Amino acid sequence: MTQYAIATDLNRCVGCLSCMVACKAVNNVPIGSYWNKVLRIGPSLKEGATSSHDVEMYYLPVQCQHCADPECVKVCPTGASHKLEDGTV
């Protein structure tokens with residue numbers, strides 16, 4: 001089945017990088033290349049912040065979207081990456 005998208009629940013991603021490491025290991029991705037990487041966005045001041053300590057940040061997984069049996073889903077400790085019954089990852 002062709003994979004058209006991978007949706008990740010950014011509210012659940014904690015930036016553990018296990019999806020990135022598992023993908024590299026299982027798919028034998030060469031050093032310096034990534035099929036799956038996790039970007040840290042922030043920290044940036046929250047809207048209406050009252051101090052420089054009032055910040056927010058999140059992690060943004062950027063995934064290849066082509067695995068039929070994605071290792072990144074198997075190793076995600078929070079369920080941020082998951083596969084639905086219709087095949088959508």
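This is a predicted model: local features need pLDDT of at least 70, side-chain atom pairs count only at pLDDT 80 or more; totals for chains, interfaces and linings use all residues.
A salt bridge is a side-chain nitrogen of Lys or Arg within 4 Å of a carboxyl oxygen of Asp or Glu. Side chains of opposite charge can pair when their charged atoms come close. Numbering starts from 1 along each chain as its sequence is written, and side-chain values use heavy atoms, with hydrogens and water left out.

The structure holds three salt bridges. One of them joins the side chains of lysine 46 and aspartate 54, at 3.8 Å from N to O. Accessibility is classed by relative accessible area, computed with a 1.4 Å probe on protein chains only: buried is under 20%, exposed is over 50%, and partly exposed lies in between. Lysine 46 has a relative accessible area of 36%, so this residue is partly exposed. Aspartate 54 also counts as partly exposed, because its relative accessibility is 25%.

Lysine 74 forms a salt bridge with aspartate 69, and the closest N and O atoms are 3.2 Å apart. Both of these residues are exposed. Lysine 74 also forms a salt bridge with glutamate 71, with 3.4 Å between the closest N and O atoms. Helices and strands are DSSP runs numbered from the N terminus (helices: H or I, at least four residues; strands: E, at least two). Lysine 74 and glutamate 71 both lie in helix H2. They are three residues apart, about one turn of the helix. Glutamate 71 is partly exposed, with a relative accessible area of 22%.

Rolling a probe the size of a water molecule over the atoms shows where empty space is left. On a 1 Å grid over the protein atoms alone, a cavity is a set of points where a 1.4 Å probe fits but cannot get out; lining residues have an atom within 4 Å of a point. Grid points are joined across faces, edges and corners, and a volume is the space filled by probe spheres set on the points. The count comes to two cavities of 30 Å³ or more.

The largest cavity has a volume of about 110 Å³. Its lining comprises 16 residues. Cys13, Cys16, Ser18, Cys19 and Cys76 lie nearest the centre. Residue classes are assigned by type: Ala, Val, Leu, Ile, Met, Phe, Trp, Tyr, Cys and Pro are nonpolar, Asp, Glu, Lys and Arg are charged, and the others, Gly among them, are polar. The lining of the largest cavity divides into 11 nonpolar, five polar and no charged residues.

The second largest cavity has a volume of about 60 Å³. Its lining consists of Ile6, Cys23, Asn27, Asn36, Gln63, Cys64, Cys67, Pro70, Glu71 and Cys72. Helix H1 (18–27) and helix H2 (71–75) are the elements that give two or more residues to this lining. By class, the lining has six nonpolar, three polar and one charged residues.

Glutamine 63, from the lining of the second largest cavity, is found in strand S2 (residues 55–63). Glutamine 63 counts as buried because its relative accessibility is 10%. A polar contact is a pair of N or O atoms within 3.5 Å; within protein, one must be able to donate a hydrogen and the other to accept it, and residues adjacent in sequence count only if both atoms are side-chain atoms. The side chains of glutamine 63 and threonine 8 are joined by a polar contact of 3.2 Å. Another polar contact, of 3.5 Å, joins the side chains of glutamine 63 and serine 81. Contact in general means heavy atoms within 4.5 Å. Neighbours within four places in sequence aside, glutamine 63 is in contact with Ile6, Thr8, Trp35, Asn36, Cys72 and Ser81.

Backbone geometry was also examined. Most residues other than glycine have a negative phi, and most peptide bonds are trans. The peptide bond from glycine 42 to proline 43 is cis, with omega near 5°. Proline 43 is placed in strand S1 (residues 36–45). Leucine 17 has a positive phi, near 70°. This leucine 17 lies in the segment before H1. Asparagine 28 has a positive phi near 55° and is found in the loop between H1 and S1. Asparagine 28 counts as exposed, at 68% relative accessibility.

Definitions and conventions
On a 1 Å grid over the protein atoms alone, a cavity is a set of points where a 1.4 Å probe fits but cannot get out, and a pocket is an open set with protein on both sides within 12 Å along at least five of seven lines; lining residues have an atom within 4 Å of a point.
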